Number of protein chains: 2
Amino acid sequence: MLSDRKKKILCAVVDGYIDKATPVSSKDIQQEYLTECSSATIRNELSALESMGYLIQPHVSAGRIPSEKAFRFYVNELAYDYNLTVAEVEQIERHFSRKISTLEDVMTAVTRIISDITNYTAVVVKEDMSDTITAIKLLDLSNGKMLVVIVTDSRVLKDGMLDIPDDFNGQMVMQAERWLNKLFVGKHVSEFINFNYPYALVNDEFSQFNALFKKIIDVLKKQSLFGGMDVETYGESKILQHSEYYDARSAQKFLTEIEDKEKIAEMFTYDGGENGSVTIKIGANDSAPDGCSVVSTRVSLGENISGSIGVIGPMRMNYKKVLSVLDKISEIVIDLIGKENK
Amino acid sequence: MLSDRKKKILCAVVDGYIDKATPVSSKDIQQEYLTECSSATIRNELSALESMGYLIQPHVSAGRIPSEKAFRFYVNELAYDYNLTVAEVEQIERHFSRKISTLEDVMTAVTRIISDITNYTAVVVKEDMSDTITAIKLLDLSNGKMLVVIVTDSRVLKDGMLDIPDDFNGQMVMQAERWLNKLFVGKHVSEFINFNYPYALVNDEFSQFNALFKKIIDVLKKQSLFGGMDVETYGESKILQHSEYYDARSAQKFLTEIEDKEKIAEMFTYDGGENGSVTIKIGANDSAPDGCSVVSTRVSLGENISGSIGVIGPMRMNYKKVLSVLDKISEIVIDLIGKENK
DNA sequence: TGTTAGCACTCTTGACTATCGACTGCTAAT
DNA sequence: ATTAGCAGTCGATAGTCAAGAGTGCTAACA
């Protein structure tokens with residue numbers, strides 16, 4: 001257990017490093033954070049904290065920088081004492097004052113505003129928890145094609161298009177619809193991910209519906225790829241504003257890593273958590289990208305749809321600001337979704 | 001008009017600069033491109049080409065680098081003499097051997113493969129040329145909601161979802177459908193972009209359909225934002241592999257610029273051109289991003305749907321390779337689309 | 001007249017050095 | 001336990017210098 005003063009000093013190092021991106025010296029701390037004791041005392045404490053694994057000294061005549069362990073400690077100690085400026089709150093509200101109708105619009109707006117205010121890459125992950133098929137509809141488009149609509153209990157529709165075979169008449173379309181409903185309704189979407197067209201299922205009587213059957217499985221498969229997850233990101237290039245990514249190699253490593261939406265989804269939904277709960281992952285040990293942190297909040301996006309909103313950025317991240325922004329935004333989003341569902 | 005030797009030398013400078021990214025000296029040219037005359041002769045020619053605006057000398061004891069004018073000349077002179085290696089052709093074909101069903105799948109596959117082979121950012125733009133509404137369907141999903149499906153002649157469907165008002169019955173849904181069809185069928189989608197809900201249109205008799213009407217206008221508006229354009233990009237981070245974007249500032253400038261999909265769409269569709277025609281834009285004067293080039297090919301993606309596929313990268317781009325890759329890919333895509341439509 | 005060898009000149013690049021200054025750790029005094 | 005003071009370490013910065021790359025020009029030559 002750390003003494004009160006050690007905690008203060010440790011947090012001062014982290015704050016200073018987050019602010020300046022350079023090693024923090026005992027003098028800096030004495031002048032800006034802890035005027036009540038001398039720099040020599042702080043030096044002793046720093047030395048102790050270093051041997052405890054919280055701090056790293058790049059070289060003997062440099063100040064200290066925080067280790068991963070220090071960042072973990074820091075975010076745990078963190079009091080939510082950062083308050084958004086009036087300008088920032090206004091900026092957020094201005095963004096949301098535009099008419100926003102669909103869930104997709106909300107997601108887009110959220111990524112934009114979070115990224116613009118925090119200057120980190122913003123991520124929103126939408127996750128359909130329940131995807132039981134409740135109905136399948138075939139819609140004759142009167143141009144030789146029909147639209148396949150799959151309705152699930154999470155209000156999500158997955159659709160595909162298909163030619164109507166020449167030998168089909170209206171009667172048969174309806175018959176096909178009945179048959180498909182008998183086959184699929186009540187089943188969960190995930191049941192079809194590893195489905196390999198066992199045509200035996202389709203007996204001779206219905207062999208003319210094979211193409212339809214296949215099409216529907218295709219649609220289901222595609223939609224189930226990420227388990228119904230939808231990932232939206234914005235502000236990837238913001239990483240280049242931060243000094244640890246000034247060189248092309250590390251920047252590219254970061255950008256390539258966050259190109260994989262599936263991995264992103266994992267990082268942001270690793271452990272469920274309830275509405276409003278905040279998760280902070282620090283460094284590769286926490287399954288964040290190397291040298292990075294991931295801060296996310298769980299937000300319910302409707303009945304049976306949960307989501308995560310958050311940012312991904314350098315470990316040296318302004319956690320206080322990010323947390324306040326996420327707090328404010330998730331509040332607005334919950335409000336927005338609530339209203340819509342009412 | 002340039003002499004033959006001047007042309008040769010100019011192309012040698014461009015080739016050398018594309019290859020090495022450093023100023024090209026008279027000696028380099030003499031050794032690698034033009035052994036039949038001496039470096040002194042080449043120096044004289046270089047000097048002439050510089051005063052003609054084709055070359056730039058960063059400082060007196062450096063070689064020459066090509067100007068925008070030189071790149072323009074170069075791509076005009078360019079013989080399509082680059083041949084893809086066997087490995088590259090195989091790589092392309094491997095990518096396409098996976099089952100690809102929808103147009104979206106094709107677009108995704110195309111961006112991936114182009115970017116991976118060329119190491120530039122790949123772009124595919126899909127453009128619905130004709131969007132006359134042929135039918136509107138309302139589909140009761142039997143969960144209190146209905147799906148609005150708008151069918152246009154370019155086989156594209158735009159859909160939205162809507163609550164069914166409590167006082168609606170099946171009869172009224174059908175009535176609404178009839179009414180909507182009367183209103184919208186035959187009109188072009190673009191007619192509704194600047195539509196501002198003149199509710200006067202909706203007389204008292206049909207006032208209960210106001211919400212529906214509004215919803216449909218919303219869907220049309222959203223889909224018309226880019227004139228029905230769909231932009232897909234891949235490999236944004238590849239820019240960091242190229243030496244002119246080693247520093248964070250220019251890289252960020254590039255990445256921020258290509259974040260605006262609307263601008264991208266403009267760059268890739270500026271002048272129509274027929275199936276297979278190639279456009280190369282060089283530098284800001286050509287409406288490409290500053291210091292960049294845009295190479296694109298027009299490809300028909302189906303009846304009434306045209307598209308552009310291409311890359312965006314540094315002006316110092318391997319045009320020969322890019323052109324060959326685009327050539328091969330567009331050939332495959334045309335083949336694929338053709339088959340599907342058959 | 002066009003080409004070329006040779007040379008003087010310019011300017012970048014990299015290596016090396018010296019100096020400065022930022023910090024620390026330690027010691028001894030409080 | 002705290003702190004002032006000081007020696008010691010090491011990175012950062014600036015300056016110097018030599019090497020090398022590349023040019024332009026001149027004069028000779030085909």
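The model is a predicted one, in which local features need pLDDT of at least 70 and side-chain atom pairs count only at pLDDT 80 or more, whereas totals for chains, interfaces and linings use all residues. Residues are numbered from 1 along each chain as its sequence is written, while chains are lettered from A and ligands numbered from 1 in the order in which they are written.

Between the two chains, 25 residues of chain B are in contact with 25 residues of chain A. On the side of chain B that touches chain A, two or more residues each come from β4 (133–140), β5 (145–152) and α9 (248–257) of chain B, the elements being DSSP runs numbered from the N terminus, with helices (H or I) of at least four residues and strands (E) of at least two. The largest share of this side, 5 residues, is supplied by α9(B). By class, the side of chain B that touches chain A holds 13 nonpolar, 8 polar and 4 charged residues, where Ala, Val, Leu, Ile, Met, Phe, Trp, Tyr, Cys and Pro count as nonpolar, Asp, Glu, Lys and Arg as charged, and the others, Gly among them, as polar. Chain B is superposed on chain A by a rotation of 180 degrees with 0.0 Å of shift along its axis, at an RMSD of 0.1 Å, and the two copies are thus related as by a two-fold rotation axis; the superposition is by least squares on the C-alpha atoms of residues with pLDDT of at least 70 in both copies.

Within chain A, an automatic or database assignment is the origin of the domain bounds, and the chain is divided into domain 1 (4–77), domain 2 (86–129 + 228–341) and domain 3 (133–224). The centres of domain 1 and domain 2 of chain A, taken over C-alpha atoms, are separated by 29 Å, and 7 residues of domain 1 of chain A are in contact with 9 residues of domain 2 of chain A. On the side of domain 1 that touches domain 2, α1 (4–20) and α4 (68–77) of chain A each supply at least two residues, with α4(A) giving the most, 4 residues.

In chain B, helix α1 (residues 4–20) has 17 residues and reaches 24 Å from its first C-alpha to its last, close to the 24 Å expected at 1.5 Å a residue, that span being 1.5 Å times one less than the number of residues. Among the buried residues of α1(B) are Ile9(B), Leu10(B), Val13(B) and Tyr17(B), and their cover includes α2 (26–32), α3 (39–51) and α4 (68–77) of chain B. Cys11(B), also placed in helix α1 of chain B, is partly exposed, with 18 other C-beta atoms within 10 Å; a residue is buried at 20 or more such atoms, exposed at 12 or fewer, and partly exposed in between, with C-beta atoms placed from the backbone. Leaving aside neighbours within four places in sequence, Cys11(B) is in contact with Tyr74(B) and Glu77(B).

DNA strand D is surrounded by 19 residues, the closest being Cys37(A), Thr41(A), Ser61(A), Ser25(B) and Ser61(B), where a residue is near the strand if its C-beta atom, placed from the backbone, lies within 6 Å of it. The largest share of this surface, 4 residues, comes from α3(B), and its residues divide into 6 nonpolar, 10 polar and 3 charged.
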